[in-house]
Amino acid sequence: NSDAMLSFVRRAVPQATRSAARGLQLQPARAFSGGLADQDRIFQNIYGEHDTSIKGAMKIGDYHQTDKIVQKGWEWIINEIKKSGLRGRGGAGFPTGLKYSFMPKHKPDGRPSYLVVNADESEPCTCKDREILRNEPHKLVDGCLIVGSAMLAKAAYIYIRGEYYDEYVALQTAVDEAYREGKLGKNACGSGYDFDVFVHRGAGAYICGEETAMIESLEGKQGKPRLKPPFPANVGLWGCPTTVTNVETVAVVPTICRRGADWFSSFGRDGNKGTKLFNIGGNVNNPCTVEEELGVPMRYLIEKHGGGVKGGWDNLQAVIPGGVSVPMITPAMADKALMDFDGLREFKTALGTGSMTVIDKDQDIINVVTRISSFFKHESCGQCTPCREGCVWMWSILQRMTAGNASIGEIDMLDELSRQIEGYTICALGDAAAWPVQGLIRNFRPQLEERINNFKGLP
């Protein structure tokens, strides 16, 4: 099972930037129905307009029949998640039911199992999980119990980004309320299942968003990724079976179990099922977080929910579809792109976290990527030579290219350098650093050449 998971990740994640070139058979475009109806939104209080306490959460359905769901057993829960078609909402998009099924159910050695929830939302321009943590924390707590029981886990550890202080307070308050109301602890929710939830604050390291680095940090060590295998599902937190999963992924599971897998899978295209939280930020008139079905057109999100590009659609220069670690695309691509895992592969980019950054023509596109490169250079843990050295080299070259102080030949050299980082590191930070640079070269090479020629005084 662990080998299958590694095979999927290695196949799916790097392929996001190259699949179209390899002739991937893409899903046919499905007629867009015009937006998600309010009654189909899982997150009913995502803007914090209503009571965020446990009483308010229970009024909108949280903890409803959670005891009966847990009592149906782990096999029923896992199968329901598999049938729903839910894929991880943290970036890689691995099938959630399959991932959760990797946890061993029979452990002759008596080791406990743990659920670790990744709330270390440190990807620049991504803030979807933040809204759940501060406005609907009980959906996450409810999800921890259901998902934890499906793994026969003893406890959940929610690793929250250190800078998220207000969100930490809201989440810890929700956990305390859940204990007082009998939703956690002994006989959680009256289900007969004992389950604990602990909230752990990080200290600001982006690398701790990687699952094994997060486990290292939880154990009190430096946050540096581990070599795999062994995989966390076999040897994770304190050497015990562990699954690390995203906040949004866990938070939607209770609704899937209540409303049924068929309801959830009625949204989106094959292989891209369900609803998702999207961020629309950057140079738009109304930056926001909104829940829509997967496969929604990118332009619809920007214009309907984001209020349009500042200065109009014709002022659009580029869009980063899913957090700064995925390649940016051109306006022509953005006009056609569907926001799901397979739809964005057509344009050699990826859905990532689903957090769009809209860049208008007033921005220096080369400087934008230089700033992104500076971030990854700073956040590299330094464990892998290609990432440690390569991120510095890419940033250094891009700094010169921003001014135009480079040669045309260095554009291809920069691309080659990025490909000597991608796929050659323990974790995906090297890929995340390489992809924005590759996207710049692939889609905005004329701007690079023009900048260099202008610096040299050439026509």
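How many bridges join β1 to β2, and which way do the two run, parallel or antiparallel?

Modeller: There are six bridges between β1 and β2, and the two strands run parallel. Before going further, keep in mind that this is a predicted model, in which local features need pLDDT of at least 70 and side-chain atom pairs count only at pLDDT 80 or more, while totals for chains, interfaces and linings use all residues. Residues are numbered from 1 along each chain as its sequence is written, and side-chain values use heavy atoms, with hydrogens and water left out.

A word on the names: helices (H or I, at least four residues) and strands (E, at least two) are DSSP runs, numbered from the N terminus. Two strands count as a pair if DSSP finds at least two bridges between them. As a general point, strands of a sheet pair through backbone hydrogen bonds, either parallel or antiparallel.

Now the sheet itself. β1 covers residues 114-119 and belongs to an open sheet of four strands, ordered β3-β2-β1-β4, with parallel pairing. At the edges you find β3 (196-201) and β4 (242-246); each has a single partner strand, so one side of each is left without a neighbour in the sheet. From one strand to the next, the twist averages 20 degrees.

So much for the order; let's zoom in on the partners of β1. On the β2 side, Tyr114 has Ala155 as its bridge partner. On the β4 side, five bridges hold the pair together, again in the parallel sense.

What about the side chains? In a regular strand they alternate between the two faces of the sheet. Here, Tyr114, Val116 and Asn118 point one way from β1, while Leu115, Val117 and Ala119 point the other way. β1 is mostly covered, with six of its six residues buried. For the cut-offs, buried means under 20% relative accessible area, exposed means over 50%, and partly exposed is in between (1.4 Å probe, protein chains only).

One is α7 (residues 137-150), which lies across β1, β2 (155-160) and β3 and runs at about 145 degrees to β1. Axes here are lines fitted to C-alpha atoms, for helices over the stretch in contact, and angles run from 0 to 180 degrees between N-to-C directions.

The other helix is α9 (residues 211-218): eight of its eight residues are buried, so it is largely enclosed by the rest of the structure. Among those buried residues are Glu211, Thr212, Met214, Glu216 and Leu218. The buried residues of α9 pack against α5 (96-101) and also against β1, β2, β3 and β4. Contact, by the way, means heavy atoms within 4.5 Å.

After α9 comes Gly220, whose phi is positive, near 90 degrees. Further along, the loop between α9 and β4 holds Pro229, and the peptide bond from Lys228 to Pro229 is cis, with omega near 0 degrees. Pro230 lies in the loop between α9 and β4 too, and another cis peptide bond, with omega about 5 degrees, joins Pro229 and Pro230.

The way into β2 has its own detail. Leu152 lies in the loop between α7 and β2, and although it is not a glycine, Leu152 has a positive phi of about 55 degrees. With 31% relative accessibility, Leu152 counts as partly exposed.

The phi of Asn187 is near 55 degrees, a positive value in a residue other than glycine. Asn187 counts as partly exposed because its relative accessibility is 39%.

To tie it together, trace the order β3-β2-β1-β4 on the screen. Then find α7 lying across β1, β2 and β3, and finish with α9, whose buried residues pack against β1, β2, β3 and β4 as well as α5.
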